[in-house]
Amino acid sequence: HGLGTRLHLVNMPPKFKFSEGERVLCYHGPLLYEAKVLKVQMKDKAPQFFVHYNGWSRSWDEWVPESRALKYNEANLLKQKELQGLHPDKQRRPKKRERPKRELELTPSTRRKRSRHDQQESATREPSPDREVRVDIPQELRKWLVDDWDFVTKQKQLVRIPKKVTVKDILEKYSEHVSESDPEKAKSGQVQEVCHGLREYFNAMLGSQLLYKFERPQYADILESHPDTPMAELYGVEHLLRLFIRIGAMLTFAGMDEDSLSLLLSHIHDFLKFLESSQDLFTMEYDAAPQEYHRRMT
């Protein structure tokens with residue numbers, strides 16, 4: 001009888017965290033969306049879930065690992081709202097049977113009617129919207145982003161600028177880390193090139209895309225007091241992390257070939273893993289904004 005029971009347990013199907021037909025919240029990029037589990041399976045001894053995002057085209061249905069899905073409950077709905085706060089321009093959910101809004105809309109000039117020849121020519125140059133570039137931000141860093149959003153938008157605190165450890169310092173530390181841990185990779189020069197690119201992206205995007213409204217007066221003060229200093233030499237890890245919410249949309253329309261894009265994303269993900277494992281090096285620092293600052297906001 002005991003042996004029979006053990007055999008019965010061995011032959012039992014695996015138990016999944018989510019069941020077919022269950023409503024869940026699922027990460028798609030940095031945000032959580034409502035989805036429905038259509039199928040479940042074990043792949044390489046890990047549970048996988050085939051999900052349909054509610055209100056989205058079926059072309060967005062996909063297999064996701066357990067780590068990308070959450071139970072549909074009040075606590076996780078609150079988490080969904082917090083993440084939306086990090087990305088205000090994507091708070092509105094896509095209407096039914098529409099694809100989700102892109103983080104980067106086409107410019108008016110690209111919306112103009114073009115000749116058939118132009119359209120055929122551009123088809124070879126422009127990436128398909130169906131191939132949106134995704135940057136997977138590690139779970140621990142997502143928590144940092146939520147905390148960052150809460151400190152600035154809810155608690156009305158400001159990051160201490162200039163930072164002791166700046167974006168430039170962090171990228172240099174990463175480059176040194178690769179030189180020590182993977183000398184062959186460092187020799188190629190690609191890591192230095194990627195770090196340089198990230199620094200330039202940061203300098204270009206900070207003022208227009210990486211600040212909350214509450215931080216704009218502080219940014220104006222920084223520009224006035226440090227007119228000739230690149231922002232990557234003043235701001236730190238808090239704002240650098242925000243870059244990786246935005247950069248996927250920028251890369252979608254960058255016109256890079258697939259091999260170059262794949263290589264760049266590999267470097268970006270390696271860098272994010274480095275950040276996640278080096279949290280002690282990059283302390284997030286905030287101060288309560290003084291009353292005078294609040295008066296400037298009104």
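How many of the six residues of strand β1 (residues 23–28) are buried? Five of them are, so β1 is largely enclosed by the rest of the structure. Here buried means under 20% relative accessible area, exposed means over 50%, and partly exposed lies in between, with a 1.4 Å probe and protein chains only. The model is a predicted one, in which local features need pLDDT of at least 70 and side-chain atom pairs count only at pLDDT 80 or more, while totals for chains, interfaces and linings use all residues. Residues are numbered from 1 along each chain as its sequence is written, and side-chain values use heavy atoms, with hydrogens and water left out.

Strand β1 runs antiparallel to strand β2 (residues 31–43), to which six bridges join it. Within this pair, V24 stands opposite A35 of β2. The two strands form a hairpin with two residues between them, and G29 in the turn has a positive phi of about 70 degrees. Strand β1 is also joined by three bridges to β5 (residues 69–71), again in antiparallel fashion, with L25 opposite L70 of β5. Strands and helices are DSSP runs numbered from the N terminus (strands E, at least two residues; helices H or I, at least four), and two strands pair if DSSP finds at least two bridges between them.

## Strand β3

Strand β3 (residues 46–53) has six buried residues out of eight, so β3 is largely enclosed by the rest of the structure. Eight bridges connect β3 with β2, and these strands run antiparallel; K36 has H52 of β3 as its bridge partner. The hairpin of β2 and β3 has two residues between the strands, and D44 takes a positive phi near 55 degrees there.

Strand β3 also runs antiparallel to β4 (residues 62–65), through four bridges. In this pair F50 stands opposite W63 of β4.

A pocket is an open set of points on a 1 Å grid over the protein atoms alone, where a 1.4 Å probe fits, with protein on both sides within 12 Å along at least five of seven lines; lining residues have an atom within 4 Å of a point. The lining includes Y27, G29, L70, K79 and Q139. By class, the lining residues are four nonpolar, three polar and five charged. Ala, Val, Leu, Ile, Met, Phe, Trp, Tyr, Cys and Pro count as nonpolar, Asp, Glu, Lys and Arg as charged, and the others, Gly among them, as polar.

Q139 is placed in helix α5 and is partly exposed, with a relative accessible area of 33%. Leaving out residues up to four places away in sequence, Q139 touches Y27, K79 and E276, where contact means heavy atoms within 4.5 Å. The C-alpha atoms of Q139 and E276 are separated by 8.9 Å, although these residues are 137 residues apart along the chain.

## Backbone geometry in two loops

Most residues other than glycine have a negative phi, and most peptide bonds are trans. K156, in the loop between α5 (139–154) and β6, has a positive phi near 55 degrees. Its relative accessibility of 33% makes K156 partly exposed.

The peptide bond from I161 to P162 is cis, with omega near 0 degrees. P162 is located in the loop between β6 (157–159) and α6 (167–181).

## Buried polar side chains

H239 lies in helix α10 (residues 237–252) and is buried, at 0% relative accessibility. Its side chain makes a polar contact of 3.0 Å with the side chain of E215. A polar contact is a pair of N or O atoms within 3.5 Å; within protein, one must be able to donate a hydrogen and the other to accept it, and residues adjacent in sequence count only if both atoms are side-chain atoms. Beyond its neighbours within four places in sequence, H239 is in contact with V159, F202, L206, L210, L211 and E215.

S278, in the loop between α11 (258–277) and β7 (286–288), is buried at 8% relative accessibility. A polar atom of the S278 side chain lies 2.7 Å from the backbone oxygen of F274.

## The chain as a whole

The chain contains twelve helices and seven strands. Of its 298 residues, 41% count as buried.
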